Amino acid sequence: MVKSFLKKREAEIRKVLVYTLGLNLFVALIKIIAGHEFHFLSLSSSGLESLFDGSSNIVSLIAITLAAKPGDKKHNYGHHKHETLGSIFISGLLFTSALQLAFEYKEVILENKIITGEFGVIPVATILISMAVSFFVSTYEKREGERLKSSLLLADSAHTYGDLILSVGVLFSIICSYFGWYWPDIIIGICIILFLIYMAVSILRQNLDDLLDSSPEMQEQVLKEIESLPDVYNVHHFRARGNANWMQVDFHMLLTPDLSLVEAHELSHKAEDILKDHLRDYCNHVDVTIHIEPYEKEHVDP
Ligand SMILES: [Zn+2]
Ligand SMILES: [Zn+2]
Ligand SMILES: [Zn+2]
């Protein structure tokens, strides 16, 4: 029953990501074209940013599909780290595009080649459409993320809200061009470059943590709850690694020595259920391994 729920949940997250991907690619295309045609650096930079939002949607889609793929002979623990690898790749692409944009701006600023954006209905309409899409995507992802308890969707929703704020800046710079003020276009464009670099750094940092097996924070209350089970004396050697998508947890559990194997096994499943219940909101898949030991006054692990 739990399994069928997970499959349905993954299918629903996938649906949200596919819609978002389509919308991102659409706004990226119209912003890049309108930005080039009407000479607004901020508008085409914002288009490039949306293109990367689309590619990170693709990485998320691959991650969701791979996370559902069970372990095999070559990858006993499953395929979760493919997501980490994909995200690090995206972060590299972001850096490269930010540098490329910075190069364009260098020419504009150093060689004094002021680009004069042409005010028109099309650039204004383009950015308004983009703002409407960002607003829709951000609200939609927030609602679905809360319903499906998906940190992936919630993070993307927060990011899209940031895009909406940047778009206000782009709209401002287009309106300024009507009055012959061209510098806001450059300033907003530079803000977008900084935003791209910030995104690249935060994606890299988070995924290096995953790659290097950093341990997610665990509430002490969980261990106390397991230790309060009858016949459980203590929990030690607790280890956890992973992220919001997949987590591996293992620990030792000291039990009353004269329990039967059947009873001890049952207890270990109770402990596992407590842990999974606590982590349900934070993590999609939790793997738990429990090492059972008979209680002795001075327990020493070999
Ligand atoms: Zn974005
Ligand atoms: Zn079992
Ligand atoms: Zn032990």
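Which residues coordinate the zinc ion (ligand 1)? The views below take up this question and then turn to other parts of this predicted model, in which local features need pLDDT of at least 70, side-chain atom pairs count only at pLDDT 80 or more, and totals for chains, interfaces and linings use all residues. Residues are numbered from 1 along each chain as its sequence is written, ligands are numbered from 1 in the order in which they are written, and side-chain values use heavy atoms, with hydrogens and water left out.

**View 1. The site of the zinc ion (ligand 1).** The zinc ion (ligand 1) is coordinated by E49, D53, H159 and D163 at 1.9 to 2.6 Å, where donors are N, O and S atoms within 2.8 Å of the metal (3.2 Å for Na, K and Ca), and the site may look incomplete, water not being among the atoms. In sequence these donor residues follow the spacing E-x3-D-x105-H-x3-D, and the pair E49 in helix α2 and D163 in helix α5, 114 residues apart, links distant parts of the chain. Both E49 and D163 are buried, a word that stands for under 20% relative accessible area, with exposed for over 50% and partly exposed in between (1.4 Å probe, protein chains only).

**View 2. The site of the zinc ion (ligand 2).** Here the protein donors are the NE2 atoms of H265 and H269, lying 2.1 Å from the zinc ion (ligand 2). These two residues are separated by about one helical turn because they are four residues apart in helix α8 (residues 261-279), helices being DSSP runs of H or I with at least four residues, numbered from the N terminus. H265 counts as partly exposed at 44% relative accessibility, and H269 likewise counts as partly exposed, at 37%.

**View 3. The largest nonpolar core.** A nonpolar core is a set of buried Ala, Val, Leu, Ile, Met, Phe, Trp, Tyr and Cys residues joined through side-chain atoms within 4.5 Å, and the largest one has 29 residues, with L43, L94, Y105, I127, V170 and I174 having the most contacts inside it. Helix α6 gives the most to this core, with eight residues. Leaving aside neighbours within four places in sequence, I174 is in contact with F40, L43, F119, P123, V124 and I127, contact meaning heavy atoms within 4.5 Å.
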